Amino acid sequence: MKFPLYLPQINNPENNNLNVIAADVGGTKTNIAKFVSEDGKMVLVAEDTYVTNNYKSLSEIILDFIKKNGYDKPDRVSIGAAGPVVDGVCYTTNIVYKIDTRELRRDLGVEKVYLVNDLEATSFGLAEVDDEFMKTIREGNPSIGGHLAVLAPGTGLGEACLFWDGKYLRPMPSEGGHSEFAPRTDVEFELVKFLQKTYGEIVIWERLVSGPAIFKIYQFLRDVKGHEEPGWLTQKFEEEADESAVVSHTAMRELNATCVMAMEMFVDFMARRANNMVLNYKSTGGLVIPPRIYNFINKDKFEASFLKCDEMEPLLSEIPIYLNLNSKTGLYGAAYYGAFSE
């Protein structure tokens, strides 16, 4: 399986042997790497991971990476960042500083600095994905082709669409994760009221489908619906920094029914959001989800939630769903965009 990404300079010999520093900047961590372009492919040379908010700027992270590895100034720097990018600036939603290409050019002394949304970078990274990394979890009807949707819950909720122009897939960023969630059931109305106490009047999809959402759903079940919490689990929450990870790991081992219920609700919300995306973009080319989600998916329940709608079930039934097993897709995508977009 190959995804034909629109990278107009991928066969240009002048773009061969470029040294590219690429970064995938998230609300929790920043993955950074050096790549070299070779015959239309990006070859990974070295990589590292930084805690994003431990640094005052992205320039500081990149300069540390270059200095620590003894690299010369790169030919290009390319960044995927978690947030909307407007006029070369990303005011990230979960990071303490803004990312500005003008400041990066000044600080790094590099003329060609590229900045795209992180899910746009992930979309370009599908150029690196082949059958080894792409698992089909729902067959659908791949022969139809068409636009492709990408859904990626993390610290926030990342979304993107790849527009099919008849020859290539052209990534388009989205901030759909910040659109408003619509509850269906009495329990979900209660959940919205619970979340409003933390987030205010508008409850967006990111509050239901993201890493932090897992613990908030669990809290709702415990504090509002009266599910008891055993002492050993209370202690776990006190000892571990990532409370959502405690819920998910406990659910995977089936050690607590409330954690299992929280994860089932989370996956149901994720399937419904996937349904929304596919209908919004008419993504007959398929839906791509990241690997860390797969451990929590009951395929039958996920499919039932994904297919449930008013009149469009025949369309949804044709949609293939793919699991992208390459956890470095965003990093590779930033590198491909920096090397071959112009």
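Trainee: In which strand is Asn19 found?

Mentor: Helices (H or I, at least four residues) and strands (E, at least two) are DSSP runs numbered from the N terminus. Asn19 belongs to strand S1, residues 19-25. This is a predicted model, in which local features need pLDDT of at least 70, side-chain atom pairs count only at pLDDT 80 or more, and totals for chains, interfaces and linings use all residues. Residues are numbered from 1 along each chain as its sequence is written, and side-chain values use heavy atoms, with hydrogens and water left out.

Trainee: What phi does Asn17 have, and where does Asn17 lie?

Mentor: Asn17 is not a glycine, yet has a positive phi of about 65°. Asn17 lies in the segment before S1 and is exposed, with a relative accessible area of 56%.

Trainee: Which backbone atom does the side chain of Asn256 reach?

Mentor: A polar contact is a pair of N or O atoms within 3.5 Å; within protein, one must be able to donate a hydrogen and the other to accept it, and residues adjacent in sequence count only if both atoms are side-chain atoms. Here the Asn256 side chain reaches the backbone nitrogen of Cys259 at 3.0 Å. Asn256 is in the loop between H7 and helix H8 (257-281), and counts as buried at 10% relative accessibility.

Definitions and conventions. Buried means under 20% relative accessible area, exposed over 50%, partly exposed in between (1.4 Å probe, protein chains only).
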